[in-house]
Amino acid sequence: MKKNLCALVWIFVALTAFGAAQSKEIVLLNDNFDMKYLTGGYVGDVQTASVQDLPDSACWYASYRSGGNDPDRANLVFSPETGMTLRFIQDVNAFNVLAHFTDDRNAPITLAVGDSLQLTFTLAVKNPQYKFRSFVIGLLNSHGNPVEQAYYTSPENPTAAFDGYLVSTSFGGTDSNWATVIGKRRPTQDNPSLYHSETVTEEGLTGNFHGPALNVEDGIATEGSLTITRISETENAIVFSFNGLELNGSDTTATFTSFDSVNFSYPGPDSAESLSLHHVKVTLTRNGGD
């Protein structure tokens, strides 16, 4: 009986080790916006850049969609207490922050069948308001187009070539079941804007890929996630989770399988007084452990 018990124990250990070998999690980015990783100098209380030191820190780039493209009036602030804050200052609003989680723009992370890429983030919103699909979160592929300046604008914006998956959502309350939606960003040479009706589509998406607003609480830090899993050669699963809301969409054409960038878009004071990202993490889970 003792020999049989020992045999069962060894079988259990072997099976456990085999199962663990089938899955491997790789941390690509784990940014807590620690001040020791920030460089680039200050303009007032504004840190104009952060340093690429993966996985501990990414270099975050800001683009503005309307007037005031002047670093002296920038509204991107780094702090070890509040993280990276996007705020509104005189004529500077509606902008994106973007970071690459690979050092080489020509070497994106490619998902094999069974692999998952997950973005987790913690954010706090000051004075959240309702504006239809005003806050956007994306996992994208730059296709070798480097963002290399702290403040980039149209028409020099290199993100026209980007594609990938995104979530467009609203901070405040609404009864609309389409206030939050998973979408796909298609590259276009005609419109450099990351989020525009000409570049964003829901074509090919099925399942529960739309839902109500986030309804975030004023100033309360909340964690969310966006996960892309390649479940077959022809299908990707996209899951978005935040503040009790969970969307489970499926791209039946498996349109995008390679990624190297993460993006957040904040539309300005008609959506919230400010938005602070306390933590941004990107992990890759390899089904085969490679």
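Me: Where is isoleucine 231 found?
Reply: Isoleucine 231 is in strand E17. Keep in mind that this is a predicted model.

Me: Why is isoleucine 231 called partly exposed?
Reply: Its relative accessible area is 44%. Buried means under 20% and exposed means over 50%. Isoleucine 231 has 44%, so it counts as partly exposed.

Me: What does isoleucine 231 touch?
Reply: Val113 and Ala237, leaving out residues up to four places away in sequence. As for serine 250, 19 residues along the chain from isoleucine 231, the two C-alpha atoms are separated by 9.6 Å.

Me: Which strand is joined to E17 by bridges?
Reply: E9 is joined to E17 (residues 222-232) by eight bridges, and the two run antiparallel. One of the partners is threonine 229 in E17, bridged to serine 116.

Me: How do you know that E9 and E17 count as paired?
Reply: Pairing takes at least two bridges. E9 and E17 have eight, so they pair.

Me: What makes E9 and strand E22 a pair?
Reply: They share 11 bridges, in the antiparallel sense. At least two are needed, so E9 and E22 (residues 274-286) qualify. In E22, serine 276 is the bridge partner of alanine 124.

Me: Why is E9 called largely enclosed?
Reply: Strand E9 covers residues 116-126, and nine of its 11 residues are buried. Therefore the rest of the structure largely encloses E9.

Me: How do you know that phenylalanine 121 is buried?
Reply: Its relative accessibility is 1%. The limit is under 20%, so phenylalanine 121 counts as buried. Its contacts beyond four places in sequence include Ile137, Thr222, Phe240, Phe264 and Leu277.

Me: And phenylalanine 264, buried or exposed?
Reply: Buried, at 0% relative accessibility.

Me: What makes phenylalanine 121 and phenylalanine 264 an aromatic pair, and of which kind?
Reply: By the ring-centre rule the count comes to nine aromatic pairs. Phenylalanine 121 and phenylalanine 264 lie 5.7 Å apart, centre to centre. The limit is within 6.5 Å, so they pair. The angle between the planes is 75°. Over 60 degrees counts as edge-to-face, so that is the label. The pair links distant parts of the chain, from strand E9 to strand E21 (residues 261-266), 143 residues apart.

Me: Why is the pair of tyrosine 165 and phenylalanine 259 called tilted?
Reply: The planes are 35° apart, with 6.2 Å centre to centre. Under 30 degrees would be stacked and over 60 edge-to-face, so 35° is tilted. Tyrosine 165 sits in strand E12 (residues 163-169) and phenylalanine 259 in strand E20 (residues 258-259), 94 residues apart. Both residues are buried.

Me: Which residues have the most contacts inside the largest nonpolar core?
Reply: Trp60, Phe101, Leu119, Phe121, Phe240 and Phe264, in a core of 50 residues. A second, separate core has 10 residues, among them Cys59 and Leu194. In soluble globular proteins, nonpolar side chains tend to be buried together.

Me: And the chain as a whole, how many strands and how much is buried?
Reply: There are 22 strands and one helix. Buried residues make up 51% of the 290 residues. Of the contacts between residues at least 6 apart in sequence, 73% join residues at least 24 apart.

How values were computed: Residues numbered from 1 in each chain as written. Predicted model: local features only at pLDDT ≥ 70, side-chain atom pairs only at ≥ 80, totals over all residues. Heavy atoms only, no water. Helix = DSSP H or I, 4+ residues; strand = E, 2+ residues; numbered from the N terminus. Buried < 20%, exposed > 50% of the residue type's maximum accessible area, 1.4 Å probe, protein only. Contact = heavy atoms within 4.5 Å. Core = buried A, V, L, I, M, F, W, Y, C linked by side-chain atoms within 4.5 Å. Phe/Tyr/Trp six-rings, centres within 6.5 Å; stacked < 30°, edge-to-face > 60°.
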